[in-house]
Amino acid sequence: MSRIAIIGTGYVGLTTGACFSALGHDVVCADIDAAKVERLKQGDIPILEAGLDEIVREGLESGRLTFVLGAATAAADCEFAYLCVPTPQGEDGSADLSYIEQAAREIAPVLPSESVVVNKSTVPVGSTRVVERALGRDDVAVVSNPEFLREGSAVHDFMNPDRIVIGADDQSAAIKVASLYLGVAAPLIVTDPASAETIKYAANSFLATKISFINAVAAICEAVGADINDVALGIGYDKRIGSEFLKPGPGFGGSCFPKDTRAMVKIAEEGGYDFHLLKGVIQVNDEQYDRTAEKAIELMDGDVDGKQVAAWGLTFKARTDDLRESPSLEVLGRLAARGAKVRAYDPAVSHQLDGIEVVADPYDACDGADVLLVLTEWDEFKWLDLGEVKARMATPAVVDARNLLDRSALIRRGFTFRGIGRR
Ligand code: UDX
């Protein structure tokens, strides 16, 4: 078993650290936020992630998982240092590497000789070299080991990955990193750092492409009177296409797809290639926010100013409490900009938001509303009492942007209704 330092305890770092400790390694997780470190030491998890609290608790109890303040403290005695710090979008769309460089500079003086620094953050192609330069250590190898964890099922995804990708110039360093995953059954792809970094961007860009594609086909379905659910089913059975990531919705969001697609366009541009296709994917996604808002506007006969809008779902998808780049906020923002008063319910959000009144009950959100938008696919929305919803609303009108509700039940009860890509 190995000694691993994890630098950064966000979604990726905390999940990676906790899962490595569950695999039997000794893990020290570092963060710069003292209050967060104190909370984590008590087993208090700041994010909603299925199964994470259990494995953090087990790790703390067994002593295999500890939390410290500062990267250097964690890295002083490690065999592996995983960089899991944010790579936010810079002003020009490219990824901002300053956190990664800062973390590398901080651990450089204390890293034991022959240790391996592993890049887990999503970084542009060539970043392994940036880390090598920031470290300035010939006796420390730098390896890329991108993550493919979905929020909400990150622990499951870590333990049951579709593949493990390791990018390294130094084969022995790649083997050392691969050995950390003993006990995890998955195909292993060992390649050079640039290819590993490209795999991460290409994977997210491809998945985003599938979503924009199905959203575009949904628009066609509306025009020709076809049903997107049947169309997605019909194409998804083709093994070459696959049925995953073919769910139409209000557009993709979250901390990865919007940022990574824009970064990929930028990477291409810097390499002298105009990635028209991916630009189109991003454009279709922006239009999907507009199209979803437009459906609600239509149901209010174009008269939005002063109208009461109800929303179910604020997070960028279900089973997370993450609001980053949430399509829901994009859509509601468009309605608020036209003078609508927005009241929303989300099972994972209890604080108030700018321009949105957040309530603790899905029916209360509907009080006096002229339209209800379903924007996140939380399961519980399916089972709510439509009679009660109708009684609370001023006008029974629903935009179901996740095709989640029972359409015939809505129509039977006299709701006017718009789904995505449905007759
Ligand atoms: C994603 C990738 O899936 C993961 O591998 C990566 O490393 C991190 O980014 P995540 O951002 O957690 O994970 O969410 P994901 O489940 O991929 O969904 C992203 C967005 O696409 C969400 O807004 C979701 O609602 C939307 N989506 C997804 C659809 O609209 N339709 C689909 O069929 C799938």
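**Charged residues and salt bridges**

1. Glu147 is buried, its relative accessible area being 5%. Buried stands for under 20% relative accessible area, exposed for over 50%, and partly exposed for what lies in between (1.4 Å probe, protein chains only). Areas come from the Shrake-Rupley method with a 1.4 Å probe, and for residues only the protein chains shown count as cover.

2. This is a predicted model, in which local features need pLDDT of at least 70 and side-chain atom pairs count only at pLDDT 80 or more, while totals for chains, interfaces and linings use all residues. Residues are numbered from 1 along each chain as its sequence is written, and side-chain values use heavy atoms, with hydrogens and water left out.

3. The structure holds 32 salt bridges, each being a side-chain nitrogen of Lys or Arg within 4 Å of a carboxyl oxygen of Asp or Glu. One of them joins the side chains of Lys200 and Glu147 at 3.0 Å, N to O. Lys200 lies in helix α9 (residues 193-224) and Glu147 in the loop between β6 (141-144) and α7 (154-159), so the pair ties together parts 53 residues apart in sequence. Lys200 is buried, at 4% relative accessibility. Helices (H or I, at least four residues) and strands (E, at least two) are DSSP runs numbered from the N terminus.

4. Glu222 forms a salt bridge with Arg291 (2.7 Å, N to O). This pair links distant parts of the chain, with Glu222 in helix α9 and Arg291 in helix α12 (residues 276-299), 69 residues apart. Glu222 is partly exposed at 29% relative accessibility, and Arg291 is partly exposed at 31%.

5. Glu222 also meets Lys295 in a salt bridge of 2.6 Å, N to O. Lys295 is buried, with a relative accessible area of 7%.

6. A network of salt bridges links Asp364, Asp367, Glu388 and Arg392.

7. On the surface, Asp53, Glu54, Glu58 and Glu61 gather in a patch of negative charge. Patches are made of residues with over 30% relative accessible area and no salt bridge, like charges being joined within 9 Å. Asp53 lies in helix α3 (residues 52-62) and is partly exposed, at 36%.

8. Asp379 sits in the loop between β12 (371-374) and α15 (386-392). Asp379 is partly exposed, with 40% relative accessibility.

How values were computed: Patch = residues over 30% accessible without salt bridge, like charges linked within 9 Å, V, L, I, M, F, W, Y side chains within 5 Å. Lys, Arg positive; Asp, Glu negative; His and termini not counted. Charge placed at Lys NZ, Arg CZ, Asp CG, Glu CD.
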